[in-house]
Amino acid sequence: MSQHAECTAVDRRTFLSAAAGAGAAVVAGEFCDGLEGPAYKFEPVRIPDWVYGVSRMAFLSPGEVDRAASLGVQVVHGNAVWPYFPLKRDGGGLSKDDEHTLRSFVAGCHQHGMKLCLGLPPFPPAALVEKHPDWRVHPAESAQLKPPDDKNLGTRMGCNAGPWGDYLIDVCAELVEDFGLDGFSFDGNYHPPICFCPHCRESYRTEEGKPLPPRADMDDLAYRKYLVWRGEKLEQHYAKMQKRLKAVNPDAVLMSWTVNAGRYGHFLHLPRAMPTRLNLLFDLPMQEWWLDEANLGASAAPAFGAAYLRATTGNRPAACEPYLMSRGNPYGTDSFPAHERLARTFLAVTNGALAAQSLGWPGHAESAAAALKETARRDTWVLRARPLPWAAMLVSEQTRQFFAYKNVQEFFLPHVFGVFRAAMEEHLPLNLVNDWDLESDRLRQFRVLVLPASAALSDDQVEAVRRFVESGGGLVATGEASLCDELGRPRRDFALADVFGVPYQGRPGRTLKTPARSDSGTVPNEEFWKLRSGVARLSWQEHALVSDPRLKDLVPHKSATFRGPLVAIGEPTRSGEVAMRMTLDGASSHAALPAAIARTCGKGRVVYLAAGIDAALWSYAYPYQRRLLARAIAWAAGEPLPISVEAPMCVQATFFEQSDGPRRRTIIHFFNGLNTAAGHGLPATEVPLREETVPVHGVRVRFAGEAPKKLHVEPGGETPKITRAGDATIVELPPLPLHYLLVVEG
Ligand SMILES: [Zn+2]
């Protein structure tokens with residue numbers, strides 16, 4: 001496996017092509033490097049080195065600084081002041097009281113060697129809005145805006161694509177300069193669904209050559225193009241802010257709240273309030289990490305959320321702040337077990353994020369101390385580690401936003417969650433990747449790529465996948481993968497039909513073909529979605545993909561009933577490529593259609609699943625579905641994973657690499673997700689509120705080939721029991737409490 005490339009600029013050619021395809025004419029103006037140029041070039045912000053050393057952040061009030069220091073906090077987040085008007089350079093600035101508060105807050109943190117990120121509410125004061133009414137967000141074409149009022153935030157929404165964006169940057173730069181602040185976070189400062197302020201109207205006309213679309217309407221292609229454009233304006237705003245802050249102090253940062261990187265509820269938010277790629281313009285994005293019932297806290301969703309946040313940063317630091325509410329409805333923090341805080345902390349860490357702790361939860365002073373202490377004990381093996389590249393799954397924001405927007409919960413999430421769950425329970429190293437990662441140089445490091453019904457792919461992305469497979473990469477694709485372009489407009493066939501070895505033929509048993517492509521209309525249409533799910537009987541064929549003893553145990557008769565998304569495909573040229581067939585409910589078995597194709601293409605192996613096994617494993621979950629998905633990934637990978645973990649399904653194992661000078665380490669996290677309440681609660685409202693952990697015995701890791709030089713379990717440094725079996729090394733780990741790491745020194 002090749003070494004990761006450090007996160008670099010998104011490939012310019014890929015981006016420009018995607019932008020052109022999205023109808024986003026090239027944007028002129030200052031960006032990132034400050035050059036006036038004809039092209040908008042997206043570049044992730046270069047983050048200061050100190051950020052890589054952060055594992056302990058906390059949210060607190062100015063009065064809690066000493067306590068935070070005694071708990072080992074490295075970065076303090078806190079609120080103290082609001083944006084002021086006028087600017088200091090124009091004779092304004094903070095009031096005397098605010099100035100005093102902020103100065104002593106900063107001094108207190110710095111005295112203890114802690115950084116201070118100020119939580120700055122991104123709202124203009126009423127006095128500013130009164131003077132510049134055109135700086136406000138104008139949500140409708142002819143909106144009657146209420147007079148600004150300091151007590152009503154709704155009357156103080158500034159448009160960051162206009163002069164307010166630049167004003168906010170000025171305020172931040174002055175605060176860094178005058179007070180020595182280390183950075184900011186904003187709870188807000190995204191973009192509205194649409195804005196008709198004079199500045200937005202004018203820039204859209206100048207840059208795109210047309211008026212704004214009439215309203216926020218995902219069905220309207222003109223609006224989708226606007227949304228891409230507005231996302232780029234937000235990126236440009238943040239790039240400009242970063243450039244300005246880092247000119248004042250190269251170590252200044254934006255460690256800000258993200259709303260497009262993993263929390264379950266955020267996935268359902270449409271139209272989006274920020275592009276996913278904006279996470280690359282934060283030095284460290286943070287998410288409020290809710291494990292309540294609305295965010296499906298008792299499922300794989302929170303683990304996915306932490307892993308996805310990390311993935312959106314190109315594997316730089318990212319933080320989850322575990323919310324300590326007992327329930328979402330009724331909302332309450334009165335009975336939250338201290339042990340659950342540790343469990344949430346290590347679930348985040350296991351999935352590659354750092355857990356940021358709030359010191360303000362009532363009754364949780366001790367649990368905060370314990371979480372921070374246990375975090376620090378793992379620093380050596382957690383900081384600067386990168387996921388082991390083996391399997392990659394695309395989490396396609398384009399698909400979520402522009403294809404599945406009519407019902408993200410049903411048309412998008414089950415596919416990605418199903419694959420994630422299968423990898424989690426089968427202990428396979430799964431990296432999540434983004435739309436912009438579908439690029440030859442980045443894909444090369446992986447053995448296998450999974451496209452879970454990733455419908456919205458650009459021609460360039462498709463070409464990168466094709467090249468990846470031809471040169472030996474494995475591919476597992478399901479459902480409508482590659483059926484549409486990056487804005488969700490259907491193609492006549494899968495763009496990857498040649499790689500899948502079969503053409504798209506609509507819905508099984510129906511006459512529906514791909515809705516005709518139209519540049520003005522909205523497709524896929526209602527009919528397309530109505531016919532998407534069905535019931536069929538799956539039958540395994542004679543193929544290595546389904547020849548598996550565990551699958552045989554789970555489905556002795558090699559045939560199972562399936563309900564879920566179904567796609568009709570043609571027969572492959574070689575009949576031996578059909579690994580599974582499906583007979584529609586009520587049809588004769590002679591009319592069985594291909595349900596799984598497994599074939600080679602160039603030097604790579606490809607599995608295409610016309611029956612949405614991935615979605616089914618999330619939506620109702622038969623065990624055979626997990627095993628089939630794991631088989632598909634392993635078969636497509638072509639060669640077995642050199643490290644395999646044997647543990648119950650409640651144990652999540654994640655795989656990282658780390659360099660220590662010339663030495664390389666492999667680090668495997670083990671998280672014990674067992675809930676001793678054993679699913680006794682009402683499923684729809686169940687949330688994890690763990691009061692204890694039952695240690696899991698019998699966790700083993702098998703290393704193929706040469707024996708690892710040195711192994712230890714951390715924290716604690718225990719050496720596990722090691723035996724040789726043939727040409728493999730078997731490592732027997734001690735009973736797993738909540739979390740530990742196996743460190744393999746290379
Ligand atoms: Zn505007």
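The site of the zinc ion is tetrahedral, with angles of 103 to 117° among its four donor atoms. Please keep in mind that this is a predicted model.

**The zinc site**

- Which atoms hold the zinc ion? The SG atoms of Cys159, Cys195, Cys197 and Cys200 coordinate the zinc ion at 2.2 to 2.3 Å.
- Along the chain, these donors follow the spacing C-x35-C-x1-C-x2-C.
- Cys159 sits in the loop between helix H4 (126–131) and helix H5 (163–179), while Cys195 sits in the loop between strand S4 (183–185) and helix H6 (198–208), so this pair ties together parts that are 36 residues apart in sequence.
- Are Cys159 and Cys195 buried or exposed? Both Cys159 and Cys195 are buried.

**Helix H11**

- Helix H11 has twelve residues (365–376), which should span 16 Å at 1.5 Å a residue; the C-alpha atoms at its ends are 17 Å apart, which agrees.
- The buried residues in H11 are Ser367, Ala368, Ala371, Leu372, Glu374 and Thr375.
- Viewed down the axis of H11, its buried residues fall within an arc of 165°, so they line one face of the helix.
- Here is the general idea: an α-helix has 3.6 residues a turn, so residues three or four places apart point the same way.
- Glu366 and Lys373 are exposed, on the face of H11 turned away from its buried side.
- What do the buried residues of H11 pack against? Their partners are strand S1 (57–59), helix H2 (65–70), helix H10 (338–350), strand S11 (357–358) and helix H12 (379–382).

Note on methods: Residues are numbered from 1 along each chain as its sequence is written. This is a predicted model: local features need pLDDT of at least 70, side-chain atom pairs count only at pLDDT 80 or more; totals for chains, interfaces and linings use all residues. Side-chain values use heavy atoms; hydrogens and water are left out. Helices (H or I, at least four residues) and strands (E, at least two) are DSSP runs, numbered from the N terminus. The expected span of a helix is 1.5 Å times one less than its number of residues. Buried means under 20% relative accessible area, exposed over 50%, partly exposed in between (1.4 Å probe, protein chains only). The arc is that of the directions from the helix axis to the C-beta atoms. Contact means heavy atoms within 4.5 Å. Donors are N, O and S atoms within 2.8 Å of the metal (3.2 Å for Na, K and Ca); water is not among the atoms, so sites may look incomplete. Four donors count as tetrahedral if all angles lie between 85 and 135 degrees; four count as square planar and six as octahedral if opposite donors are over 155 degrees apart and all others between 65 and 115; anything else is irregular.
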